[in-house]
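Subject: Structure for you to look at

Hello,

Here is the structure I promised to pass on. Please open it alongside this message, as the notes below refer to it throughout.

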Protein chains: 2
Amino acid sequence: MPSNAQSWVFGANDPELGRGLNHLPYTCFLDEKGKRRIAVGIGACLLDLKAASPLIPQHLREALSETTLNHFMGLGPAAWRELRTVLQFLLSRANRDRKVLEAALVPLHDLPLELPAAVGDYTDFYASRHHALRVGELFRPEKPLLENYDWVPIAYHGRASSLVPSGTVVRRPAGQRLADSSPVFAPTEKLDYELELGFYIGQGNALGEPITIDEAENHLFGVSLLNDWSARDIQAWEYQPLGPFLGKNFCTSVSPWITPMEAVNSLKVRAQPHQNGILHYLQNEHLETVNLNLIVQISTTRSRRAVLAPMQVSQSNSRGLFWTPEQMVTHHTSGGCNLRPGDLLATGTISGERREQAGCLLELTRNGHEPITLPNGERRAFLEDGDEIIFTGWSQTEGQMPIRLGECRGTLLG
Amino acid sequence: MPSNAQSWVFGANDPELGRGLNHLPYTCFLDEKGKRRIAVGIGACLLDLKAASPLIPQHLREALSETTLNHFMGLGPAAWRELRTVLQFLLSRANRDRKVLEAALVPLHDLPLELPAAVGDYTDFYASRHHALRVGELFRPEKPLLENYDWVPIAYHGRASSLVPSGTVVRRPAGQRLADSSPVFAPTEKLDYELELGFYIGQGNALGEPITIDEAENHLFGVSLLNDWSARDIQAWEYQPLGPFLGKNFCTSVSPWITPMEAVNSLKVRAQPHQNGILHYLQNEHLETVNLNLIVQISTTRSRRAVLAPMQVSQSNSRGLFWTPEQMVTHHTSGGCNLRPGDLLATGTISGERREQAGCLLELTRNGHEPITLPNGERRAFLEDGDEIIFTGWSQTEGQMPIRLGECRGTLLG
């Protein structure tokens, strides 16, 4: 199959959709009975993998007829590649036998989508050095980057129960914060988004058996856009000494689309060398990082009333991340911690080198002290009720269909 | 049923076992086919709740025939009380109709037990002020207790995948630590235990709908002993600014026994008032805390060779905890975070007021600088390979059978 092959499905060759044969992202939709169905996106359609079952290799059918992808994720890269190869042929113009497939195609338009995997554990890294440095400048100007940063892929365990699919309404959390010199319990006044990528684990590992850096790529299944909503005032008051807790766990929005690593791998670029070197267990000769353009947009109550399109807030790119997805997997398991299929490893806020490439308002507005002005004239220090935040991401190789990640959206109730 | 009623089951009235009619802890065992079965402990036996099904109220049977307790936990306190009342009668001497029950009783002795609930999310608090203060003295002598401690029930998200039942062998993790002035990757040299209680959530709450302090007790299902194994050197190097990660997530041992809150509630004592006051959302008129005596024992390769009984390392009590289980539930959900049936909220290390009541070696040995001497003459700064750590806990009310929590054990491979 040539890498720029065309598909016979409606919209599949449309660069604006970015869901061609070289993409084939996974998702989950609800059928007429309200039951979860695993599907693959192609152009303006979903391919229902249960309905397409007769065309799928027999040993994969059971896993793909389940209500989550977890079983299939656990089958490993040979199974993922096999399905991908089969689907790329079936959906290509070279295939003339389309009857079963046509019956398994569902038009996408307003179909509500769900997260295709059940996430057992969710981990959030801090892999953008630009972000860590600029946040550090705000709170520790004398020593912005802590001495461990260049050595340890810093991360914390997030909350799995409050992961929600893109489109779910987000409620402004109340919590403790320091007001003058004493704490109060009140709705947060510093609600922020965090632009992130979330990598899903495919095959897991047994407790006590680390995944080496050479093996790590075989454990990565795919990637989604993720918004780690954060209440900065709650976080600032609670986070010492055990890290963020209620400032983060009220909601994390995730795109219902998982772009397979096979689609992303063609977009990889060499990771930048680290000035201080890298400890041996995180090092090999082919460290690569994903190269995705990322955009944050906002629409506000006022902008929607004026029928304005969403307004761009910032633009970033994942190629500047300090740690690769493989390094995150290896570090996470290096002490023996077990990962399970469907676990989610997010990057942390992805900020570019320049200040306007920041992936959150904390950086863009310097903790609210320098509000930004939106294209319609509104100002924002932090988010206001009614604001909708939209993340998009895409990448393109010369002569290929662009790959557009599934959007991640969320509107603040109000 | 009088509160000191006797049971006809073997061992049920033996105070050394501490599993009388006033206890009835839940657990899970594997049947001959290796299938998980939910059971209740009584004396020297387990009551297999699936086999006892004909005697159980019909609307509870389905939940109790499942392979985990999660469904039953979600039914709420009326269901839990109903089952408890029925079992207390059936297992009492007043009941003469014992045929079905006898067939459902399984002798306990060496039956391997499993965790009876599937834990979706695991949270670890820092609820012992004595512990926080003494750890603070080690690392920040000028300011041992951070200013948020007396206001915020500090906690972090732990790792659910690496929760293991008591008895599982624990492997010494490798990880990054600072050696002289540069980091190395090597096996931890500061492996420690943490004496904790873990509270299981019964009914959950919907995302965005906090549980008030008055409602919180209806969401607590039961309690288990828990050992949050910690690698202090890894933790010290990685924990800034996002909290503990690999220093904790390599393994957490949990007793397979869950003591129901109904059994624990009779042991509660009034919580100590806080000098600074308590913010309104965490306050009501009947704040109570559980009153359990807790003991840490060690057996070493040498002590086992000499056929010595496990040696006591320290003794503590949960009544000194600064935050109650209800306050933990309310704080956890106060920003809208959802809890699910089977989620686990642990207390953090439970240390008493005096130094010898410390719940971990970090405190007992002042970060290894003052090794302790065990009764057999061995010294310990931190744990050595082959060491087994055993937690036990019990409580007693005048004229009642004592309630003994299920043990939590773990041996370091080596």
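This is a predicted model: local features need pLDDT of at least 70, side-chain atom pairs count only at pLDDT 80 or more; totals for chains, interfaces and linings use all residues.

The largest pocket

The largest pocket holds about 800 Å³ of space. Its lining is made up of 33 residues, and those nearest the centre are His130(B), Gln272(B), Pro273(B), Gly320(B) and Phe322(B). Sorted by class, the lining has 16 polar, nine charged and eight nonpolar residues. Three elements of chain B, namely helix 5 (129-139), strand 17 (269-270) and strand 20 (311-317), each supply at least two lining residues. Helix 5 of chain B gives the most, with five residues.

Strand 2 of chain B runs antiparallel to strand 1 (residues 26-30) of chain B, and five bridges join the two. In this pairing Leu30(B) stands opposite Arg36(B). The two strands form a hairpin with five residues between them, and Gly34(B) in the turn has a positive phi of about 80 degrees.

Strand 2 of chain B also runs antiparallel to strand 3 (residues 45-48) of chain B, here with four bridges. Ile42(B) and Cys45(B) stand opposite each other. This pair of strands is a hairpin too, with two residues between them; the turn contains Gly43(B), which has a positive phi of about 55 degrees.

Sheet and helix in chain A

In chain A, five strands make an open sheet in the order 4-3-2-1-5, with antiparallel pairing. Its edge strands are strand 4 (105-107) and strand 5 (113-114) of chain A, each of which pairs on one side only. Strand 4 of chain A pairs with strand 3 (residues 45-48) of chain A over three bridges, in the antiparallel sense. Leu46(A) stands opposite Val106(A) there.

Helix 5 (residues 129-139) of chain A has as its buried residues His131(A), Ala132(A), Arg134(A), Val135(A) and Gly136(A). These buried residues pack against helix 10 (361-364) of chain A.

Arg177(B) is in strand 9 (residues 174-179) of chain B. Arg177(B) counts as buried because its relative accessible area is 12%, and the cut-off for buried is under 20%. A polar atom of the Arg177(B) side chain lies 2.9 Å from the backbone oxygen of Pro187(B). The Arg177(B) side chain also makes a polar contact of 3.2 Å with the side chain of Glu189(B). Beyond its neighbours within four places in sequence, Arg177(B) is in contact with several residues, among them Ser182(B), Val184(B), Thr188(B), Asp233(B), Ile234(B) and Trp237(B).

Leu405(B) is in the loop between strand 25 (403-404) and strand 26 (408-411) of chain B. Although in a loop, Leu405(B) is buried, with 6% relative accessibility. Not counting residues up to four places away in sequence, Leu405(B) touches His23(B), Leu197(B), Leu225(B), Thr259(B), Leu292(B) and Gly393(B). Leu405(B) is 392 residues from Asn13(B) in sequence, while their C-alpha atoms are 15 Å apart in space.

Regards

Definitions and conventions. Residues are numbered from 1 along each chain as its sequence is written. Chains are lettered from A and ligands numbered from 1 in the order in which they are written. Side-chain values use heavy atoms; hydrogens and water are left out. Buried means under 20% relative accessible area, exposed over 50%, partly exposed in between (1.4 Å probe, protein chains only). A polar contact is a pair of N or O atoms within 3.5 Å; within protein, one must be able to donate a hydrogen and the other to accept it, and residues adjacent in sequence count only if both atoms are side-chain atoms. Contact means heavy atoms within 4.5 Å. On a 1 Å grid over the protein atoms alone, a cavity is a set of points where a 1.4 Å probe fits but cannot get out, and a pocket is an open set with protein on both sides within 12 Å along at least five of seven lines; lining residues have an atom within 4 Å of a point. Grid points are joined across faces, edges and corners, and a volume is the space filled by probe spheres set on the points. Ala, Val, Leu, Ile, Met, Phe, Trp, Tyr, Cys and Pro count as nonpolar, Asp, Glu, Lys and Arg as charged, and the others, Gly among them, as polar. Two strands pair if DSSP finds at least two bridges between them.
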